[in-house]
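I set out to look up the charged side-chain pairs of this structure and their surroundings. My notes follow the display.

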Amino acid sequence: MDYSLKPIGKTCAATGAPLAAGAPCYSALVHRGGELVRLDFAESAWTGPPEGTVGFWRTIVPAAEAEKKKPLDPDALMRHFEQLAEEDSPATEKSRYVLAILLLQKRRLEIEGVRRDDGNDYLQLAGARGEGTFEIRDLHLDGDELDQLQTELGGRLNAA
């Protein structure tokens with residue numbers, strides 16, 4: 001037999017007060033009107049299982065889900081990348097590289113080749129929709145640094 005139970009509630013079934021994230025609470029499954037109903041209680045309001053309880057447990061109120069990030073628009077990313085590519089300054093090199101990686105993942109840029117010069121690798125890229133060719137120094141960033149830079153870049157672009 002399959003049961004479909006609601007996730008933890010936002011308020012205490014006994015007091016109506018909000019359940020605080022990270023706080024302990026009790027949850028109980030209760031037979032009501034021929035159905036199983038989940039009731040959640042703040043630890044301070046728990047006096048034991050209510051009548052009709054099938055089962056109960058102690059748990060921790062989870063943190064609210066973080067606000068979902070808006071997906072980055074590949075066309076807007078491409079326009080920003082083209083602007084940075086025109087500047088070609090050392091101050092924007094990491095941003096250009098991170099944008100290039102994002103655009104490769106979104107298939108808006110394609111790798112045409114790799115060139116090696118003075119111990120540096122350069123990615124030779126072309127826009128998937130006929131945008132020009134670009135050459136970006138491969139910075140060989142580790143995954144953590146790349147993730148951090150992508151998050152920062154996404155925050156700046158979403159704020160704009």
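This is a predicted model: local features need pLDDT of at least 70, side-chain atom pairs count only at pLDDT 80 or more; totals for chains, interfaces and linings use all residues.

Entry 1. I looked up the salt bridges and found that the structure holds 10 of them. Side chains of opposite charge can pair when their charged atoms come close.

**Entry 2. Arg38 and Asp40.** I began with the salt bridge between Arg38 and Asp40, whose closest N and O atoms lie 2.9 Å apart. Is Asp40 buried or exposed? I found Asp40 buried, at 3% relative accessibility. Arg38 is buried because its relative accessible area is 14%, and buried means under 20%.

**Entry 3. Ser27.** I then looked up Ser27, which has its place in strand β1, residues 24–32. Ser27 is buried, and its relative accessible area is 0%. With which side chains does the side chain of Ser27 make polar contacts? I recorded one with the side chain of Arg38 at 3.0 Å and one with the side chain of Asp40 at 2.5 Å. Leaving aside neighbours within four places in sequence, I listed the contacts of Ser27; among them are Leu39, Gly55, Phe56, Trp57 and Thr59.

**Entry 4. Glu145 and Lys94.** I next examined the salt bridge in which the side chains of Glu145 and Lys94 meet, at 2.8 Å from N to O. Glu145 belongs to helix α3 (residues 143–159) and Lys94 to helix α2 (residues 93–105), so this pair ties together parts that are 51 residues apart in sequence. I noted Glu145 as partly exposed, with a relative accessible area of 25%. Lys94 is also partly exposed, with a value of 40%.

**Entry 5. Arg115 and Glu135.** Which strands hold Arg115 and Glu135? I first confirmed that their side chains meet in a salt bridge, 2.5 Å from N to O. Arg115 is in strand β4 (residues 109–117) and Glu135 in strand β6 (residues 133–137), so the pair ties together parts 20 residues apart in sequence. Arg115 counts as partly exposed at 28% relative accessibility, and Glu135 counts as partly exposed at 38%.

**Entry 6. A network.** Which residues are linked in a network of salt bridges? I recorded Asp75, Arg108, Arg129 and Glu131 as linked in this way.

How values were computed:
Residues are numbered from 1 along each chain as its sequence is written. Side-chain values use heavy atoms; hydrogens and water are left out. A salt bridge is a side-chain nitrogen of Lys or Arg within 4 Å of a carboxyl oxygen of Asp or Glu. Buried means under 20% relative accessible area, exposed over 50%, partly exposed in between (1.4 Å probe, protein chains only). Helices (H or I, at least four residues) and strands (E, at least two) are DSSP runs, numbered from the N terminus. A polar contact is a pair of N or O atoms within 3.5 Å; within protein, one must be able to donate a hydrogen and the other to accept it, and residues adjacent in sequence count only if both atoms are side-chain atoms. Contact means heavy atoms within 4.5 Å.
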